[in-house]
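Subject: Structure handover

Hello,

Here is the structure I promised to pass on. Please open it alongside this note.

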Amino acid sequence: MTLKDLHPWREGALIDSTWIAASPGQGTPVHDPADGAQIAEVPSLGAEETKRAIAAAQAALGGWRARPAGERADILMRWYALMLEHQEALARILTGEQGKPLAEARGEILYAAGFLRWFAEEARRIDGEIIPAPRSTQRILVWQEPVGVTAAITPWNFPAAMVTRKVAPALAAGCTMILKPAPETPLTALALGALAEEAGVPAGVFNIVPGDAAAIGSALMDSPVVRKLSFTGSTPVGRMLYAQAAPTLKRLSLELGGNAPFIVFDDADLDAAVDGAMLGKFRNAGQTCVCVNRFLVQDAVHDQFVDRLRERIAKLVVGPGTDPGVTIGPLINERAVVKVDDHVADAVRRGGRLVAGGKRDHGLFYQPTLIADVPADAQIARDETFGPLAGIIRFHTEEEAIRLANDTEFGLAAYVYTRDIGRAMRVSGALEYGMVGLNEAAISTEVAPFGGIKASGMGREGSRHGIAEYLELKYVMMGGL
Ligand code: NAD
């Protein structure tokens, strides 16, 4: 059975409720990273189609924002229910184009659907304030309004969740949206678009434009109609979009790269730390922006931690995500494999001790790799690996751990394992990061504010703060009362 048989929806683009199919041979091919086979072709659209999508989103805005919040919420809840109903098909589409093990893909569909439910609930809570005025003849009212037409640009590593955590708060707030999905993984986004239609999202409210990233990006950024962009992806592209937003003064949410430290103190519960390390490092084959990029382990437990991690890594199963029991799928492309290889070679050249793996397996598969005694100036410590490579750096004191952890331009997620409550609070406070996992590696949830600082970006997704990104405050001063 090919992925095409499993895809119950269209391969195309969605503009103003019209599905556009690719002209055969002229679109962008979508490949299964497990075997390189072409599984679909989606239209390769550009500036002209993006302008049409912006016009459609603008035309739909008035009607959508005027709908009572409860109606918008009901539509999002129907969309949520449809995602659950089609969880298996969506997971197979996701694994087909992205490669992660099916169990993880099923989990991502649930996680992604959670944003629809959460923001459906938040839609009903968009309220205002009455502020005591300076004079008795005055009243001050503050209310919240949708930002307007918005845009989203998403990456390939979470093809479902990155879409819903942008579109759900946008639609809940009364905004409309144009989405440009990652070229590697447009099918999951398009399947979500088909379900949105089925749920009753009106024409033009959610548009999906796959194709030429630079052309679509520029058309979105140049348009004064588009009032906000939410982007998840690499820091270089984020910086470029930030500059492109200046002429029209667009609001921005930027979820960019990370360089997460995972600090294990000698008083840590080592069982919990090893469990957290496996989840935080090897989920999605290490291709997660909050993935552990470097382990900082205190002297006294360093060797024991390395041994325990080696035993667990030996149990990982590399293979196509659709094979039962597989825990590590392929990397997304050749560039990703080369990057992991470079980081391994660099760490070993600088004196790191290769404990497990260290080589390409076959195709785009890479052996889960462990390197101990990595020097703090290795490439792993500077640059996001985005692959199944765990590099362990030794440290001696709490101050040194904090200094090493903060010695990076990034500030997305950090993890700390300790049983000393004072140390837990001190270190969590000292870490220059948007998110800290304290004796916990599973930090992504729709109920908490996800996001980073420094070169990891700005803005938060999820929680009540996530919807604020799509709302403007308006204040009305009433006089003469
Ligand atoms: P990328 O920046 O190359 O691509 C992300 C998206 O931007 C894609 O849709 C791509 O087509 C688009 N894009 C590329 N060039 C563009 C341009 N000139 N104009 C407009 N859009 C453009 O990143 P990637 O390699 O696909 O994703 C991996 C990166 O994303 C990693 O660095 C990772 O840390 C980061 N990421 C961050 C988060 C987070 O929440 N902070 C989540 C997932 C991934």
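Below is what I found, from the overall fold down to single residues.

**Overall fold**

First, a caution: this is a predicted model. The protein has 16 helices and 22 strands. Its radius of gyration is 23 Å, close to the 23 Å that the globule rule gives for 481 residues, so the protein is as compact as a globular protein of that length. The C-alpha trace spans about 70 × 65 × 40 Å along the principal axes. Buried residues make up 52% of the 481. Take the contacts between residues at least 6 apart in sequence: 72% of them join residues at least 24 apart.

UniProt has an unreviewed entry here, which lists residues 19-476 as "domain: Aldehyde dehydrogenase". That span is 42% helix and 21% strand. Its end C-alpha atoms lie 42 Å apart.

**Two domains**

The protein divides into domain 1 (3-256 + 456-476) and domain 2 (260-438). Note that domain 1 is given as two segments. The C-alpha centres of the two domains lie 31 Å apart. Across the boundary, 16 residues of domain 1 are in contact with 20 residues of domain 2. On the domain 1 side, helix α5 (residues 102-123) gives the largest share, 3 residues. By class, that side has 6 nonpolar, 5 polar and 5 charged residues.

**The ligand**

Where does the ligand lie relative to the domains? Both domain 1 and domain 2 give residues to the shell around the ligand, so it lies between them. There are 24 residues around the ligand, and Gly217, Gly233, Ser234, Glu255 and Cys289 come nearest. Two elements give two or more residues to this shell: α8 (213-222) and α9 (235-245). The largest share comes from α8, with 3 residues. By class, the shell holds 12 nonpolar, 9 polar and 3 charged residues.

**Glu255**

This is one to look at. Glu255 is among the residues that come nearest to the ligand. The UniProt annotation "active site", from the unreviewed entry, also covers Glu255. Treat that label with care, since such annotations may be inferred rather than shown by experiment.

Glu255 sits in strand β11 (residues 251-255). Is Glu255 buried or exposed? It has 28 other C-beta atoms within 10 Å, and 20 or more count as buried, so Glu255 is buried.

Which residues does Glu255 touch, leaving aside its neighbours within four places in sequence? The contacts are Thr232, Cys289, Gly451, Gly452, Gly457 and Glu461. One of these, Cys289, is also among the residues that come nearest to the ligand.

**Phe206**

Phe206 is buried, with 28 other C-beta atoms within 10 Å. Beyond its neighbours within four places in sequence, Phe206 is in contact with Val167, Leu171, Met177, Gly193, Ala196 and Val201. Look at Met177 in particular. Met177 and Phe206 are 29 residues apart along the chain, yet their C-alpha atoms are separated by 5.0 Å.

**Where to start**

I would begin with the ligand between the two domains.

Best wishes

Methods:
Residues numbered from 1 in each chain as written. Predicted model: local features only at pLDDT ≥ 70, side-chain atom pairs only at ≥ 80, totals over all residues. Near = placed C-beta within 6 Å. Helix = DSSP H or I, 4+ residues; strand = E, 2+ residues; numbered from the N terminus. Nonpolar A, V, L, I, M, F, W, Y, C, P; charged D, E, K, R; others polar. Domains from an automatic or database assignment. Rg over C-alpha atoms; globule rule 2.2 N^0.38 Å. Buried ≥ 20, exposed ≤ 12 C-beta atoms within 10 Å, placed from the backbone. Contact = placed C-beta atoms within 7 Å.
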